[in-house]
Amino acid sequence: MILVTGATGNVGSALLQELHARGAGPLRGLTRDAVRASFSKGVEAVEGDFADVASVKPALEGVRQLFLVSRIGSDADILDAARQAGVEHVVLVSSITVQTHPHLGPADENLAVERLLQGSGMAWTILRPTQFASNALWWATSIREHQPVRVPYADIGLPTIHPADIASVARVALTESGHQGRTYALTGPERVTARQQVAAIAVALEREVPFAEISREEAHRDMAVFLGDEAADAVLDVTGGDVNDELLKVRDTVSRVTGSPARRFHQWVSENAAAFR
Ligand SMILES: NC(=O)c1ccc[n+]([C@@H]2O[C@H](COP(=O)([O-])OP(=O)(O)OC[C@H]3O[C@@H](n4cnc5c(N)ncnc54)[C@H](OP(=O)(O)O)[C@@H]3O)[C@@H](O)[C@H]2O)c1
């Protein structure tokens with residue numbers, strides 16, 4: 001039994017679809033609301049909330065492979081529960097910032113979860129993806145309402161990754177041999193700036209999308225309301241304010257692990273254009 005957590009999210013939903021399409025399984029998806037979740041037929045939806053580890057324990061029964069999104073509840077307790085349930089292999093979504101920006105709080109938290117997993121006694125595979133293409137959904141409301149997309153660092157290109165590529169790497173790691181004890185830094189196939197991302201969305205919508213570059217201070221004011229000061233600063237650093245070669249590097253890990261080229265940002269836009277209409 002494979003349990004996918006974050007199963008309704010960008011990566012988890014793609015992973016369940018891919019596992020199901022390839023006949024892997026049996027499969028289970030964790031969500032806080034099984035009625036709202038729409039999994040493929042044959043995927044068992046189980047409810048559980050990481051904020052309450054006891055609620056996740058039934059979902060872990062019989063599970064041998066676990067896909068884990070982290071930093072939602074107590075990762076130490078969740079890993080403990082997984083080990084006690086007999087989980088043999090955990091594929092963890094961490095972040096590339098562990099190696100590009102280890103001084104930032106969120107990166108330090110991701111590193112702490114990686115270490116917990118490595119010391120858990122279970123086999124592990126760690127995925128360290130860069131910024132997701134799906135982060136463009138942050139602009140969806142503005143674009144739908146014909147308001148300008150307001151971003152700082154408009155011309156810094158990052159090797160944005162399609163969440164389905166993270167899912168493909170996770171699928172291979174969960175179902176094929178040779179990936180235990182490995183840490184994979186994952187990027188898309190090219191660097192894409194925010195300006196280019198918005199232009200790609202405009203092409204898909206066949207209309208102009210207004211765009212305004214704003215200062216770091218303005219962006220911080222907007223973001224801190226939702227994220228708090230420290231997290232807003234961290235996001236601003238890793239999206240343009242304090243980039244470095246390690247973060248900007250395009251890597252071939254996705255194609256090496258999956259055998260298929262990494263998907264371009266344009267593909268993500270064509271698959272998700274409806275969210276911006
Ligand atoms: N976005 C980026 O650029 C980036 C970069 C590096 C790493 N990451 C990490 O990648 C992971 C996956 O991201 P994603 O975009 O696929 O996620 P997402 O689309 O934001 O979805 C979040 C998922 O987490 C689940 N969830 C939220 N709170 C929960 C709780 N209390 N208990 C159990 N499940 C809960 C949600 O399930 P329900 O709502 O159905 O319960 C949902 O499936 C995240 O851990 C994120 O931190 C993201």
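How do the axes of helix H3 and helix H5 cross, and within what distance do they come? In this predicted model, local features need pLDDT of at least 70, side-chain atom pairs count only at pLDDT 80 or more, and totals for chains, interfaces and linings use all residues. Residues are numbered from 1 along each chain as its sequence is written, and side-chain values use heavy atoms, with hydrogens and water left out.

The axes of helix H3 (residues 75-85) and helix H5 (residues 105-118) come within 10 Å and cross at roughly 25 degrees. Axes are lines fitted to C-alpha atoms, for helices over the stretch in contact, and angles run from 0 to 180 degrees between N-to-C directions. Helices (H or I, at least four residues) and strands (E, at least two) are DSSP runs, numbered from the N terminus. H3 and H5 are therefore roughly parallel to each other, a term for angles under 35 degrees.

Around the ligand there are 23 residues, of which Thr 8, Thr 31, Arg 32, Asp 49 and Phe 50 come nearest; a residue is near if one of its heavy atoms lies within 4 Å. A polar side-chain atom of Thr 8 lies 2.6 Å from an oxygen atom of the ligand, and a polar backbone atom of Phe 50 is 2.8 Å from a ligand nitrogen atom.

Most residues other than glycine have a negative phi, and most peptide bonds are trans. Gly 25 and Pro 26 are joined by a cis peptide bond, with omega about 5 degrees. Pro 26 lies in the loop between helix H1 (10-21) and strand E2 (27-31). Tyr 153, not a glycine, has a positive phi of about 50 degrees.

Terms used: A polar contact is a pair of N or O atoms within 3.5 Å; within protein, one must be able to donate a hydrogen and the other to accept it, and residues adjacent in sequence count only if both atoms are side-chain atoms. Angles under 35 degrees count as roughly parallel, over 145 as roughly antiparallel, 65 to 115 as roughly perpendicular and the rest as oblique.
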